[in-house]
Amino acid sequence: MPPWKTIVVMPAYNAANTLERCWHDIPKEHVSEVIVVDDQSKDSTIEVARRLPVTLIVHEKNTGYGGNQKTCYDTARAHGADYVVMIHADYQYDARMIPTAIEILRHGICDVILGNRIRTRREALAGGMPKSKYFANRGLTIIENMLSGQNLGEWHSGFRAYSRRVLDTIPYHRNDDGFVFDSQFLVQCVHQGFKLGDVPVPVRYFDEASSINLKNSSIYAVKTLGVFGQWYLHRSGLARNRLFEHGDLAPRAEATARAD
């Protein structure tokens with residue numbers, strides 16, 4: 001086990017069919033702890049998690065995708081993580097890339113690493129990514145790169161690795177509890193001057209893999225572009241926004257979750 005502490009966090013919701021497969025792929029010799037946060041799943045996710053050697057936290061009420069990540073990061077920080085890897089529990093992302101991502105962070109090359117499913121169009125489509133998802137992802141990512149000055153392969157990955165300094169700096173408790181949490185977090189990282197990069201990961205689309213529908217995808221895209229609007233207004237001094245200001249990073253009230 002390396003002298004630094006890497007903690008993997010998995011926000012889970014109705015992941016009974018995929019959670020164990022995700023866990024098996026995690027290279028245990030490189031990871032100190034795996035934390036699963038269940039957001040009031042309607043299936044047997046909790047029962048599956050109890051069979052695994054993970055730290056299980058169960059929300060007493062559904063908090064949403066962003067709310068789940070807040071608990072994930074609070075817990076990882078409280079448990080002394082030097083590096084934190086967030087990976088979706090739906091088995092879309094290859095956990096074997098965790099050591100590679102951590103090495104990039106450890107050498108200071110980047111502060112944030114995302115898993116990039118879109119190395120080529122052929123690979124993405126051959127991996128089962130629907131054409132509508134592919135073109136929507138590519139189009140929105142191109143816009144986000146232009147607005148942020150970055151050059152990421154995709155902004156919408158469920159594989160994300162962070163150095164501890166990032167999580168200690170970004171005021172993520174001010175972020176939305178929905179899917180736009182991810183976009184807010186990355187824009188906050190750009191605003192704070194952190195270095196963002198990515199590593200290629202295989203594409204896995206199948207029936208059990210989670211995916212938001214067209215309506216919610218459209219809402220997410222609009223909200224994401226709205227985050228950039230808020231950022232530009234904040235930087236220009238026309239409208240200050242708490243998302244991009246330093247502030248209290250204290251964990252939320254413990255009433256929202258319990259260790260299991």
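Trainee: Which residue follows H8, and is its phi positive or negative?

Mentor: Gly193 follows H8, and the phi of Gly193 is positive, near 85°. Keep in mind that this is a predicted model.

Trainee: How do you know that helix H8 is largely enclosed by the rest of the structure?

Mentor: A residue is called buried when its relative accessible area is under 20%. Helix H8 covers residues 181–191, and ten of its eleven residues are buried, so the helix counts as largely enclosed by the rest of the structure. Among the buried residues are Phe181, Phe185, Leu186 and Val190, and the list also includes Asp182 and Gln188.

Trainee: Why is Ala76 called buried?

Mentor: The cut-off is under 20% relative accessible area. Ala76 has a relative accessibility of 0%, so Ala76 counts as buried. Ala76 sits in helix H3.

Trainee: Which residues does Ala76 touch, leaving out those up to four places away in sequence?

Mentor: Ala76 touches Ile7, Val9, Ile35, Ala81 and Val84. A touch here requires heavy atoms within 4.5 Å.

Trainee: How far is Ala76 from Gly193?

Mentor: Their C-alpha atoms are separated by 23 Å, while along the chain the two are 117 residues apart.

Trainee: What makes H3 mostly covered?

Mentor: Of the 15 residues in H3, 14 are buried.

Trainee: How does the span of H3 compare with the expected one?

Mentor: H3 runs over residues 64–78 and reaches 21 Å from its first C-alpha to its last. That is close to the 21 Å expected at 1.5 Å a residue. Just after H3 comes Gly80, with a positive phi of about 85°.

Trainee: How many helices and strands does the chain have?

Mentor: The chain has nine helices and eight strands.

Trainee: What share of the residues of the chain count as buried?

Mentor: Of the 260 residues, 55% count as buried. The accessible surface comes to about 11600 Å², and carbon and sulfur atoms hold 53% of that surface.

Trainee: What share of the contacts with a separation of 6 or more comes from residues 24 or more positions apart?

Mentor: Such residues account for 76% of those contacts.

Trainee: How far apart are the centres of the positive and negative side chains?

Mentor: There are 31 positive and 29 negative side chains, and the centres of the two sets lie 5 Å apart.

Definitions and conventions
Residues numbered from 1 in each chain as written. Predicted model: local features only at pLDDT ≥ 70, side-chain atom pairs only at ≥ 80, totals over all residues. Heavy atoms only, no water. Helix = DSSP H or I, 4+ residues; strand = E, 2+ residues; numbered from the N terminus. Buried < 20%, exposed > 50% of the residue type's maximum accessible area, 1.4 Å probe, protein only. Areas by Shrake-Rupley, 256 points an atom, 1.4 Å probe, with all protein chains shown as cover. Lys, Arg positive; Asp, Glu negative; His and termini not counted. Charge placed at Lys NZ, Arg CZ, Asp CG, Glu CD. Expected span 1.5 Å × (residues − 1).
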